[in-house]
Amino acid sequence: MKPQSGWLPAEPDLKTIYETYSNPIYSLSQAEIPAIILRNAYSPEQCQGLINRFTNMGLMRDEAEINSADKRTRIDIGTSLGNRGSDKTGFLAHAKETHNLFKFLFDGFDNPVDLIYESLTALSPEKEVKVAREDDDTLYGPAIFRVHYETHSYKPHIDSVKYRENRMDYAVYRFEHQFAGVLCIQNADENGKGTQAILHRCLWSEDIQPYIAEETFHKYAVENNIENCQVDLQQGDLYFFNTRCIHEVPAVQGTRARIVLAVFIGYSPDDNEIYVWS
């Protein structure tokens, strides 16, 4: 895979980012930058505390239990529009349960969901960041913990309610751009680089789709000298990226889970609201 060259993320903190970009989120929407990375945004100690709580509550399996009967390679703590969106009533009902869970799940910790929303607000001048909702104010899920186990990976793809899932019956369809926000709670390999994603400087289009469908995108990228950016995170790092850029996630290796707190984000330059969901 061709290494990235001049296509570099904006980082490591808000002050430094604003010294270069007056409107970071708009720059992200234009793929001028591959990602916005806020280093050490959340306490690693609190990350570990949350993992212990999730394990004790039975929300994820104990990594010390080698012969667990639970063989899932991905466990969600929260509500996924991608997985549940075909049943809108069921999705919104599940999202209500997630809001109830999150009311007490972080007691005694800094709220990591609030951190993502506050960071996004700081990166989005003159925009109002809020949980995505339907016209009757029924709320989507605010965020989701994704727990990935050994072998779980994501091939080159995009995430989009508009271009991939075509969810015309959802309010978030109105937004021109979609981003993702990811807070690293635990890397799969504590001694490795902590690669969370490989982002390609290639915005999805109908012309690109055959290469994704036929799993020949890597060959296409090499032949067309498409730059890429490897996003390596440490526990507590937060990053945002444009989900219309072709991206992939390497397979988890070993017994440790890769755990992230993730959101999707709807943004249009001329819309004063930004919607966030999971």
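Which element gives the largest share of the lining of the largest pocket? The points below take this up after some notes on the model.

1. This is a predicted model, in which local features need pLDDT of at least 70, side-chain atom pairs count only at pLDDT 80 or more, and totals for chains, interfaces and linings use all residues. Residues are numbered from 1 along each chain as its sequence is written, and side-chain values use heavy atoms, with hydrogens and water left out.

2. The largest share of the lining of the largest pocket, five residues, comes from strand E11; helices (H or I, at least four residues) and strands (E, at least two) are DSSP runs, numbered from the N terminus. The volume of this pocket is about 440 Å³, taken as the space filled by probe spheres set on grid points joined across faces, edges and corners. A pocket is an open set of points on a 1 Å grid over the protein atoms alone, where a 1.4 Å probe fits, with protein on both sides within 12 Å along at least five of seven lines; lining residues have an atom within 4 Å of a point.

3. Of the 27 lining residues, Arg146, Tyr154, His157, Asp159 and Phe264 are the closest to the centre of the largest pocket. The lining divides into 12 nonpolar, nine polar and six charged residues (Ala, Val, Leu, Ile, Met, Phe, Trp, Tyr, Cys and Pro count as nonpolar, Asp, Glu, Lys and Arg as charged, and the others, Gly among them, as polar).

4. Helix H5 (residues 88-105) has 18 residues, which should span 26 Å at 1.5 Å a residue; its end C-alpha atoms are 25 Å apart, which agrees. The expected span is 1.5 Å times one less than the number of residues. Among the buried residues of H5 are Phe91, His94, Thr98 and Phe102; buried means under 20% relative accessible area, exposed over 50%, partly exposed in between (1.4 Å probe, protein chains only).

5. The structure holds 15 salt bridges, each a side-chain nitrogen of Lys or Arg within 4 Å of a carboxyl oxygen of Asp or Glu. In one of them, arginine 174 pairs with aspartate 271, the closest N and O atoms being 2.9 Å apart. Arginine 174 lies in the loop between E5 and E6 and aspartate 271 in the loop between E11 and strand E12 (273-277), so the pair ties together parts 97 residues apart in sequence. Arginine 174 is partly exposed, at 39% relative accessibility, and aspartate 271 is buried, at 15%.

6. Lysine 219 and glutamate 223 also form a salt bridge (2.5 Å, N to O). Both lie in helix H8 (residues 217-223), four residues apart, about one turn of the helix.
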